[in-house]
Amino acid sequence: MADLEREKRTTMNSETAEPMAAHLYRVRRKQRETGDTVSLEIEPVNGMGIRPFRPGQFNMLYAFGVGEVPISISGDPAAPERLVHTVRAVGTVTEAICTLGGGDTLGVRGPFGTCWPVEEAAGRDVVVVAGGIGLAPLRPALYKIRSAKDKYGGAAVLYGARSPEEIVYRRELEEWRTGNDLDVLITVDRASKEWGGRVGVVTTLISEVSFDPPNTVAMICGPEAMMRFTVLELQKRGVTEDNIYISMERNMKCGVGLCGHCQLGPFFVCKDGPVLRYDVIKPFFGKREI
């Protein structure tokens, strides 16, 4: 099974003909999501077309003179003319990217990596569990599921943030919830007096949604500790390991499995992931290095 997964993912990466060639893009629109997180809508310079992407894939973004980082694509796959990345300023490169404004340029390589099993989940219930900015790589999958809701059973989004101020895509989450397109539940670790919603870790939300465990596909992205406990809770509900998918975020540098910085056992997270089926990655999940 691992060989089949590797073959599938290798085929996906071969779609990028010049994987090490960065292309020049311009910031078209900037949206502040939280105090340290922005979404950048970018467009290619010189009229070059935008490569199609699949939900869960990422690009390497290069801040000129500073460095390059992997950032998941957070926009709608059905609107490839609007290439969107959501970036949290947590280091030198991401801080530089977050300071970019309209008309500023950056380099882009990609898309790279594996994708969420959106098509494979058709006809089944879907449970999406995200923590913090982990909702960004899942948002393209949610766009696709929402646009073809009649093809799925139930679809739930369980989202946890550290505080109300750190909730990303807040307006959009509310639109999805009130539009009855998706069953959206939100919780925070620390609440202010103004917060009237749930308080607690995101795993507490799993018991609040209805789904048919043997017929459910789960997609999870967030800190590894959060994903580990989420997997345990889903297993308690009866979701099988081969129907649970996680997105790994290790030390990716080249994006194509050459440099070895993100190696995890037999896998290169940038090439064989970042989206991996749990039963495949299970022996190595939770280990700092191997």
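Figure 1. Two strands count as paired if DSSP finds at least two bridges between them; strands (E, at least two residues) and helices (H or I, at least four) are DSSP runs numbered from the N terminus. In this predicted model, local features need pLDDT of at least 70 and side-chain atom pairs count only at pLDDT 80 or more, while totals for chains, interfaces and linings use all residues. Residues are numbered from 1 along each chain as its sequence is written, and side-chain values use heavy atoms, with hydrogens and water left out. An open antiparallel sheet is formed by six strands in the order S4-S3-S6-S1-S2-S5. S4 and S5 are at the edges with a single partner strand each, so one side of each has no neighbour in the sheet. Ignoring direction, neighbouring strands are turned by 40 degrees against each other on average (axes are lines fitted to C-alpha atoms, for helices over the stretch in contact; angles run from 0 to 180 degrees between N-to-C directions).

Figure 2. Met-60 is opposite Pro-70 in S4. The hairpin of S3 and S4 has three residues between the strands, and Gly-65 takes a positive phi near 80 degrees there. S2 and S5 are likewise antiparallel, with six bridges, and Glu-41 stands opposite Val-84 in S5.

Figure 3. Seven strands make an open sheet of mixed pairing, in the order S10-S9-S8-S7-S11-S12-S15. Strand S10 (198–199) and strand S15 (275–277) are the edge strands, each pairing on one side only. Strand S12 (residues 244–247) runs antiparallel to S15, with three bridges between them; Ser-247 has Val-275 in S15 as its bridge partner. Helix H3 (residues 135–147) lies across strand S7 (125–131), strand S8 (155–161) and strand S11 (216–221), at about 155 degrees to S7.

**Figure 4. The largest pocket.** On a 1 Å grid over the protein atoms alone, a pocket is an open set of points where a 1.4 Å probe fits, with protein on both sides within 12 Å along at least five of seven lines; lining residues have an atom within 4 Å of a point. Grid points are joined across faces, edges and corners, and a volume is the space filled by probe spheres set on the points. The largest pocket has a volume of about 1,200 Å³. Among its 48 lining residues, Arg-88, Ile-133, Gly-134, Pro-223 and Glu-249 lie nearest its centre. Elements that each supply at least two lining residues include strand S4 (67–72), strand S5 (83–88) and helix H5 (224–237). The lining comprises 23 nonpolar, 15 polar and ten charged residues (Ala, Val, Leu, Ile, Met, Phe, Trp, Tyr, Cys and Pro count as nonpolar, Asp, Glu, Lys and Arg as charged, and the others, Gly among them, as polar).

**Figure 5. The second largest pocket.** The volume of the second largest pocket is about 520 Å³. Its lining has 21 residues, with Arg-29, Gln-31, Glu-33, Arg-139 and Glu-172 closest to the centre. Strand S1 (23–34), strand S2 (37–44), H3 and helix H4 (170–178) each contribute at least two residues, and S1 gives the most, with five.

Notes
Contact = heavy atoms within 4.5 Å.
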